[in-house]
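Hi! Have a look at the picture first, and then we'll go through it together.

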Amino acid sequence: MQSFLVSHAIYAIILFGVLEAMCIPISSELTFLLGGAIASGGVAGTHQHPSLAMVIILGTLAEMVGSYISYAIGRAGGRPLVHRWGKYVLVTEADVARAERFLVGRGVWALPFVRAFASIVAGIVEVPALRFGVLSLIGTFVYVTVLSSIGYSLGSEWSKINHGLALAGYVLGALVVLAIVGFVLYRLREFRREAAAAAAVRAESTERQVRR
């Protein structure tokens with residue numbers, strides 16, 4: 001990912017921005033931090049030299065495209081989409097219910113402060129598309145601007161910082177793997193509980209119909 005960003009900065013920022021906003025697990029932090037560092041001219045090996053303004057504008061637009069795709073999926077698929085496909089991305093119907101309560105309780109004005117999965121939920125609860133776009137744009141623009149500006153300020157120091165992060169990553173790697181495994185097992189248990197509860201409700205409903 002990082003080598004592709006360095007070699008094809010503009011295209012990589014657009015591609016990764018769209019995919020990340022579609023809830024695909026790609027590090028937007030790395031994308032825009034490195035994008036800003038490339039814009040500063042402090043990263044060697046790149047064939048493209050975008051300005052900081054271009055990184056911010058393209059990154060914001062790419063994130064908005066991905067967010068609207070997620071929003072459209074949620075609006076078209078609704079809760080049946082989560083029921084059918086949620087288990088493949090470890091999202092339960094209870095997760096959607098909690099996110100829905102969050103948006104409803106705080107209003108759609110919470111959208112600038114939450115990202116990614118919130119776009120799907122906004123579609124499910126049918127937040128008006130224009131309002132969703134305006135509020136998401138505010139949060140996305142601020143997010144991309146802050147990260148890109150930090151990367152730009154790092155400039156030539158990026159390589160040193162990135163090297164230090166890589167070394168720390170090796171140390172933390174095993175802990176991250178264990179945490180992911182534990183998280184997956186926990187989520188699978190939640191799916192089993194949810195499925196068992198749904199089966200019990202169906203059985204109770206069937207029994208009541210038989211008695212009638």
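1. You'll find serine 27 in the loop between helix H2 (9-21) and H3. Serine 27 and glycine 17 are 10 residues apart in sequence, and their C-alpha atoms are 9.2 Å apart in space.

2. A word on what you're looking at. This is a predicted model, in which local features need pLDDT of at least 70 and side-chain atom pairs count only at pLDDT 80 or more, while totals for chains, interfaces and linings use all residues. Residues are numbered from 1 along each chain as its sequence is written, and side-chain values use heavy atoms, with hydrogens and water left out.

3. Now the overall picture. The chain has 8 helices and 0 strands. Helices (H or I, at least four residues) and strands (E, at least two) are DSSP runs, numbered from the N terminus. Of the 212 residues, 35% count as buried. The accessible surface comes to about 12400 Å², and 68% of that belongs to carbon and sulfur atoms; the areas come from the Shrake-Rupley method with a 1.4 Å probe, and for residues only the protein chains shown count as cover. Among contacts with a separation of 6 or more, 73% are between residues 24 or more positions apart. Contact here means heavy atoms within 4.5 Å.

4. Next, H2. This helix has 13 residues and reaches 18 Å from its first C-alpha to its last, close to the 18 Å expected at 1.5 Å a residue. That expected span is 1.5 Å times one less than the number of residues. Alanine 12 sits in H2, and with a relative accessible area of 0% alanine 12 is buried. Other buried residues of H2 include Ile13, Phe16 and Gly17. Just after H2, cysteine 23 takes a positive phi of about 75°.

5. On to H3 (residues 28-39). How many of the 12 residues of H3 are buried? The count is 11 of the 12, so H3 is largely enclosed by the rest of the structure. Leu30, Phe32 and Ile38 are among them. The end C-alpha atoms of H3 are 16 Å apart, which agrees with the 16 Å that its residues should span. Alanine 12 and glycine 35 are 23 residues apart along the chain, with 9.0 Å between their C-alpha atoms.

6. The structure holds 3 aromatic pairs. The rings of tyrosine 68 and phenylalanine 132 are edge-to-face, because their centres are 5.3 Å apart and their planes are at 80°. Rings of Phe, Tyr and Trp (its six-membered ring) pair if their centres lie within 6.5 Å; planes under 30 degrees apart count as stacked, over 60 as edge-to-face and the rest as tilted. Tyrosine 68 lies in helix H4 (residues 52-85) and phenylalanine 132 in helix H7, so this pair ties together parts that are 64 residues apart in sequence. Tyrosine 71 and phenylalanine 132 form a stacked pair, 4.5 Å centre to centre with 20° between the planes. Ring pairs link Tyr68, Tyr71 and Phe132 into a cluster. Tyrosine 71 and phenylalanine 132 are both buried, whereas tyrosine 68, at 31% relative accessibility, counts as partly exposed.

7. Last, H7. The 26 residues of H7 should span 38 Å, and its end C-alpha atoms are 37 Å apart, which agrees. Buried residues of H7 include Leu135, Tyr143 and Leu147. Valine 134 is also found in H7 (residues 129-154), but valine 134 is partly exposed, with a relative accessible area of 44%. Just after H7, glycine 155 takes a positive phi of about 55°.

Notes: Buried < 20%, exposed > 50% of the residue type's maximum accessible area, 1.4 Å probe, protein only.
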